Protein chains: 2
Amino acid sequence: MVDVLNGWERREKPAMLQRRFTFDSYAQTRAFLDALAKLSELHDRHPQNISFGSTYANITLEAADGVALTTRDEDFAAQIVALSESLE
Amino acid sequence: MVDVLNGWERREKPAMLQRRFTFDSYAQTRAFLDALAKLSELHDRHPQNISFGSTYANITLEAADGVALTTRDEDFAAQIVALSESLE
């Protein structure tokens with residue numbers, strides 16, 4: 001089952017959120033990744049996978065409790081979106 | 001056709017080199033990615049895709065000329081390996 005949450009796709013079994021971010025330049029992509037690394041360290045929480053090229057980053061965020069997505073996951077996802085928007 | 005070149009798998013159509021690097025910790029993975037970003041800027045050349053999680057990074061390096069792999073690509077791949085080994 002897939003629905004949409006602020007641009008994120010919600011997946012079940014295993015529970016995760018996925019979203020693709022696109023950028024105008026490599027510099028912008030790198031700024032996003034660096035800021036995301038800082039955000040991750042702040043929360044001591046790292047996306048399960050980040051796949052990126054020059055102008056995009058695909059992020060997979062697994063459920064923090066490993067079982068089901070909660071508002072805690074949605075909050076973290078929303079912060080990542082806010083971060084990407086702050087670079088535009 | 002796939003063969004092995006210092007741990008890299010060579011693929012054709014499109015021509016690319018792929019390799020998985022594993023690390024003991026997230027800190028080591030991040031150090032590798034940061035150093036790779038610096039190396040990329042130095043050469044003005046970025047891997048087509050980097051996919052990473054807490055303790056691994058999968059790198060896809062496309063042929064610099066977009067057609068066929070050359071020693072130039074192999075040299076860049078070897079530098080990435082040297083970089084990963086310098087962190088161990």
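Predicted model: local features only at pLDDT ≥ 70, side-chain atom pairs only at ≥ 80, totals over all residues.
**Ground rules**

I number residues from 1 along each chain as its sequence is written, and I letter chains from A and number ligands from 1 in the order in which they are written.

**Entry 1: confidence**

I looked up pLDDT, the predictor's confidence in each residue, from 0 to 100. Chain A has a mean pLDDT of 91. In chain A, 95% of residues reach 70 or more. Next I checked the elements, which are DSSP runs numbered from the N terminus: helices (H or I, at least four residues) and strands (E, at least two). Which element of chain A has the lowest mean pLDDT? I found strand β1 (residues 4-5) of chain A, at 68. The highest belongs to strand β4 (residues 49-53) of chain A, at 98. For the model I noted ipTM 0.89 and pTM 0.90.

**Entry 2: strands of chain A**

I counted two strands as paired if DSSP finds at least two bridges between them. Strand β3 (residues 16-22) of chain A is joined to β5(A) by seven bridges. These two strands run antiparallel. One pair I traced is A:Arg20, whose bridge partner in β5(A) is A:Asn58.

I then turned to β4(A) and β5(A). Five bridges join them, and they too run antiparallel. A:Ile50 has A:Ile59 as its bridge partner in β5(A). With two residues between them, β4(A) and β5(A) form a hairpin.

Is strand β5 (residues 56-62) of chain A enclosed or open? I used these classes: buried is under 20% relative accessible area, exposed is over 50%, and partly exposed lies in between (1.4 Å probe, protein chains only). Five of the seven residues of β5 of chain A are buried, so this strand is largely enclosed by the rest of the structure. I also noted a general point: in a regular strand the side chains alternate between the two faces of the sheet.

**Entry 3: salt bridges**

I searched for a side-chain nitrogen of Lys or Arg within 4 Å of a carboxyl oxygen of Asp or Glu. How many salt bridges are there over all chains? The search of the whole structure gave eight.

One of them joins A:Arg10 and A:Glu74, at 2.8 Å from N to O. A:Arg10 sits in strand β2 (residues 8-11) of chain A, and A:Glu74 in helix α2 (residues 71-86) of chain A. They are 64 residues apart, so I logged a link between distant parts of the chain. A:Arg10 is buried, at 16% relative accessibility. A:Glu74 is partly exposed, at 24%.

Another salt bridge joins A:Asp73 and A:Arg45, at 2.6 Å from N to O. A:Asp73 is in helix α2 of chain A, while A:Arg45 is in the loop between α1 (26-43) and β4. These two are 28 residues apart. Both A:Asp73 and A:Arg45 are buried.

B:Arg10 is buried at 16%, whereas B:Glu74 is partly exposed at 25%.

**Entry 4: symmetry**

I compared the copies, superposed by least squares on the C-alpha atoms of residues with pLDDT of at least 70 in both. A rotation of 180° with 0.0 Å of shift along its axis puts chain A on chain B, at RMSD 0.0 Å. That is the relation of a two-fold axis. In chain A, the C-alpha nearest the axis is that of A:Ser51, 1.9 Å away.

How values were computed. Heavy atoms only, no water.
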